[in-house]
Amino acid sequence: MEESSRSEGSQSKEGHIIEVKEEMEGEEGDQGSHQLVSKMKQKMEDVSKLVFIFRIPRSENDKEYTPSKVSIGPIHHKATKTLEIEDHKWKYTASLLNRKPNLEATIDACVKALKESEHRIRKCYGEQFNNIKSNDFVEIILVDCCFIIELFLKFSIKGLRRRNDTIFTTPGSLYELRSDMILLENQIPLFVLLQIFHIVPIPPQCTMSFNQLASRFFRNMVPGDLQYLHEKFNQEGYHFLDLIRRCIIPARVLPNKTSCTTSDPKGLESATRLQKAGIRFKRGWTYSLLDVTFHHRGVLTIPQLEIKECTEELLRNLIALETHLADTQQTTSYAFLMHCLVKSKKDVELLGERRVLSYEEGKEDDVVAMFQKLGEKVTAKDSYYLRLLEQVHEYHTKNLHSKWGKLMSGCAKKTTLSFVVFVVAILLLVLTFVGVFFSVLSFFLHRS
């Protein structure tokens, strides 16, 4: 009996040990498969990575790409000028996450989501920030995401604002925030913002998507039709600056075929010079700012650009973004086109009269300086408007030849007519002289 009970006990222990081993092997297998999935995921992210947030090369004194009020993302985190608003970021984060009773659960869900995406997020930047530890990196991204989401919510829903909120009560504060949030170096990947937006508690008053909230916030910064902007902001993009870029690029594709044989195609003459050559300027009414066309009758149609304080900053950052994108560089091409057309105050005034440019009176010289600075390092090679530039150049040349031919023809006619008049005058003079001679001769003959 004792032996049988012992054997049964030993068998049960062995069975239990086997079960434990199987469970451990199962757990190890799960961990192994999880590690494999994670490894394959990172490998695919490494291979297909596209850097679309990076530092722009510039001189030490060049501050045009650096945020002055708020830093977004890791590049300018804890910059001296933006430290004032860091407390505001945490207040907005608390305001957003506390809309659900279980704060810790919400933070945990956000942290887990960002931890899973951390490798992908880092790959979106031109540098890996190896000096920033994983937890610190996730905290930076989470706080900035929450700040942006809450800012958009408060902007669209006035009932969510507090009376002492300096962002909404200080004149010019919102404008400064927007200006900083369109800088290329001051971006967070859009997919991260969307990911956090779907985790955090959104107030019931909000019935808009994240992209709709963003389009409302940025609508005064973007040139073009507001309704078109609203529709375009619902498309996918890399970040806010890229969404704005997608709002202003034309939907149609210009023909790339060109008969240009030189490696360095020519640009255009200035607006006033082109006008003297018979080319007329007309305001375009298309939705896209960059939808410039040339009619064979000599009409260059350009949509109106309303020049604001942020216009140069926006165009400059869009040009910088396009240097790293495989897409056609439409904004860069537009900068080159306007660089050619606007050379002097008279060019600005002409395009202002034609309603191609809208600007503050007395700021003509500033407009000239802006376009000259934007296009100084841009060439016509591989331009989106390459064929258009060539068409204008051909029309300009033909028109000049036509005018020169008419001028020469007119001169020839005038020369022929002058010669005939001269000959007739000489003949009349000779005849008059002969008549006088014979009259005098007859007078003396009769006297003798």
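## Terms and model

A cavity is a set of points, on a 1 Å grid over the protein atoms alone, where a 1.4 Å probe fits but cannot get out; its lining residues have an atom within 4 Å of a point. The model is predicted: local features need pLDDT of at least 70, side-chain atom pairs count only at pLDDT 80 or more, and totals for chains, interfaces and linings use all residues. Residues are numbered from 1 along each chain as its sequence is written, and side-chain values use heavy atoms, with hydrogens and water left out.

## Overall build

The chain has 16 helices and five strands. Both are DSSP runs numbered from the N terminus: helices are H or I with at least four residues, strands are E with at least two. Of the 448 residues, 42% count as buried. Buried means under 20% relative accessible area, exposed means over 50%, and partly exposed lies in between (1.4 Å probe, protein chains only).

Contacts are heavy atoms within 4.5 Å. Among contacts with a separation of 6 or more, 70% join residues 24 or more positions apart. The accessible surface of the chain is about 26,300 Å². Carbon and sulfur atoms hold 54% of that surface. Areas come from the Shrake-Rupley method with a 1.4 Å probe; for residues, only the protein chains shown count as cover.

## Salt bridges

Side chains of opposite charge can pair when their charged atoms come close. A salt bridge here is a side-chain nitrogen of Lys or Arg within 4 Å of a carboxyl oxygen of Asp or Glu. The whole structure has 20 of them.

E86 bridges to K89, with the closest N and O atoms 3.1 Å apart. E86 is buried at 14% relative accessibility. K89 is buried too, at 0%. D108 bridges to K112, with the closest N and O atoms 3.3 Å apart. D108 is partly exposed, at 39% relative accessibility.

E322 pairs with R245, and the closest N and O atoms are 3.1 Å apart. This pair links distant parts of the chain: E322 is in helix 12 (residues 311–322), R245 is in helix 10 (residues 240–248), and 77 residues separate them. E322 is buried at 1% relative accessibility. R245 is buried at 2%. Elsewhere, a network of salt bridges links E64, E312, R316 and K373.

## Individual residues

K78 has a positive phi, near 60°, and is not a glycine. K78 lies in the loop between helix 1 (2–47) and helix 2. At 59% relative accessibility, K78 is exposed.

F129 also has a positive phi, about 55°, and is not a glycine. F129 lies in the loop between helix 3 and helix 4 (134–156). With a relative accessible area of 6%, F129 is buried.

D366 belongs to helix 15 (residues 364–374). D366 is partly exposed, with a relative accessible area of 48%. D366 and K345 are 21 residues apart in sequence and 9.2 Å apart in space, C-alpha to C-alpha.

## Cavities

The structure has three cavities of 30 Å³ or more. For volumes, grid points are joined across faces, edges and corners, and the volume is the space filled by probe spheres set on the points. The largest cavity has a volume of about 70 Å³. Its lining is M221, V222, P223, L305, E306, K308, C310, T311, L314 and L315. Helix 12 gives the most, three residues. By class, the lining has seven nonpolar, one polar and two charged residues. Ala, Val, Leu, Ile, Met, Phe, Trp, Tyr, Cys and Pro count as nonpolar; Asp, Glu, Lys and Arg count as charged; the others, Gly among them, count as polar.

The second largest cavity holds about 50 Å³ of space. Its lining is V222, P223, G224, D225, L226, Y228, L229, C247 and Y287. Helix 9 (residues 226–232) gives the largest share, three residues. The classes here are seven nonpolar, one polar and one charged.

Conventions. On a 1 Å grid over the protein atoms alone, a cavity is a set of points where a 1.4 Å probe fits but cannot get out, and a pocket is an open set with protein on both sides within 12 Å along at least five of seven lines; lining residues have an atom within 4 Å of a point.
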